[in-house]
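Work through the exercises below with the model open. Try each task before reading its solution.

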Amino acid sequence: MVEVPKLDVQGVSKTFFPYSVNERVALDEVSLSVSDGDFVTIIGSNGAGKSTLLSVIAGLYKPEQGRVFIDGQDVTGWTEPAMARRVGRVFQDPMAGTAPELTIEENMAVASRRGSVRGLRRGLTARSRRHFRDELAVLGLGLEDRLTTKAAYLSGGQRQALSLVMATFTHPDILLLDEHTAALDPKRAELITELTEREVAASKLTTLMVTHNMAQALRLGNRLLMMHAGRIVLDLAGEAKTKATVEDLLAEFEKRAALTDRTLLTQ
């Protein structure tokens, strides 16, 4: 019996500002098959198509050609709200994943219903609050004791940690992490990285994580992709990924993409 990929991207292309002087090909017939439980890190220079790929998977963008399947179901063209039932996403900006005017428990209630805010107050039961506390307690940040605090009063690291919990505690089919540690200081970035490893492993989530940090891309996950000019130019898994070094990746990128500014990938 042939195993159906958890995520199957088939020949997807996406162009911004087509037929204009600003036309830019963001994805050029990208194909990608991801198995259930895979943790895939994605690297590449600015404009390589990394975030666009995640946005197509999440339903934010509809590709001009190609198809996207989750568990064998064609989800191409599904709207972002419809995809939110199957895909969790954490963005680079810590402010993007939470509603600042809502409390922690209200944010979590919204996330538990995949974006529906109707009946919010009725959804905040004693049982749901206990569940939220349990989910937050594993962070070790004390947020479980601040359920009625508005998200606006949390630090960037705390809001990103909350966003991560909100994206994972309903066990989505696919978890998308879009440079979710890049806007944080090193200490908080490492905290969120550790939380990510823990949450992904505990729930066995199929995960795609975009990062500019090549050392992080090598350390996390079981598979690494390199993108350039809208295409996947390198795919490492197993022993090949384990043995690879940052210098190996830089050399590979320079060979394939003729990159001269090494700082784009090592920051």
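**Exercise 1. Find which residues Glu105 is in contact with, leaving aside its neighbours within four places in sequence.**

Solution. Start with the partners: Glu105 is in contact with Leu124, Arg129, Phe132, Leu147 and Thr148, once neighbours within four places in sequence are left aside. Contact here means heavy atoms within 4.5 Å. Helices (H or I, at least four residues) and strands (E, at least two) are DSSP runs, numbered from the N terminus. Glu105 has a relative accessible area of 5%, so it is buried. Buried means under 20% relative accessible area, exposed over 50%, and partly exposed in between, with a 1.4 Å probe and protein chains only.

Two notes on the source apply throughout. The model is predicted, so local features need pLDDT of at least 70 and side-chain atom pairs count only at pLDDT 80 or more, while totals for chains, interfaces and linings use all residues. Residues are numbered from 1 along each chain as its sequence is written, and side-chain values use heavy atoms, with hydrogens and water left out.

**Exercise 2. Decide how many of the nine residues of helix 3 are buried.**

Solution. List the buried residues: Ile104, Glu105, Glu106, Asn107, Met108, Ala109, Val110 and Ala111. That is eight of the nine, so helix 3 is largely enclosed by the rest of the structure.

**Exercise 3. Identify which residues touch the most other members of the largest nonpolar core.**

Solution. A nonpolar core is a set of buried Ala, Val, Leu, Ile, Met, Phe, Trp, Tyr and Cys residues joined through side-chain atoms within 4.5 Å. The largest core has 30 residues, and Ile104, Met108, Phe132, Leu136, Leu139 and Leu162 touch the most other members. Helix 6 gives the most, with six residues. Zoom in on one member: Leu139 touches Ala161, Val165, Leu195 and Arg198, not counting residues up to four places away in sequence. Finally, look elsewhere. A second, separate core of 26 residues includes Val34, Ile70, Val75 and Leu225. In soluble globular proteins, nonpolar side chains tend to be buried together.

**Exercise 4. Describe what lines the second largest pocket.**

Solution. A pocket is defined on a 1 Å grid over the protein atoms alone: it is an open set of points where a 1.4 Å probe fits, with protein on both sides within 12 Å along at least five of seven lines, and lining residues have an atom within 4 Å of a point. The space in the second largest pocket is about 290 Å³; a volume is the space filled by probe spheres set on the points, which are joined across faces, edges and corners. Its lining has 19 residues, with Thr181, Ala182, Thr211, Asn213 and Gln216 nearest the centre. Helix 7 (186-203), strand 8 (206-210) and helix 8 (214-219) each give two or more residues to the lining. Helix 7 has the largest share, four residues. By class, the lining holds seven nonpolar, eight polar and four charged residues. Ala, Val, Leu, Ile, Met, Phe, Trp, Tyr, Cys and Pro count as nonpolar, Asp, Glu, Lys and Arg as charged, and the others, Gly among them, as polar.

**Exercise 5. Compare Glu29 and Glu179: where does each lie, and is each buried or exposed?**

Solution. Begin with the backbone. Phi of Glu29 is near 55°, and phi of Glu179 is near 50°. Both values are positive, in residues other than glycine. Most residues other than glycine have a negative phi. Now locate them. Glu29 is in strand 2 (residues 24-34), whereas Glu179 is in the loop between strand 7 and helix 7. Then compare exposure: Glu29 is exposed at 52% relative accessibility, and Glu179 is buried at 13%.
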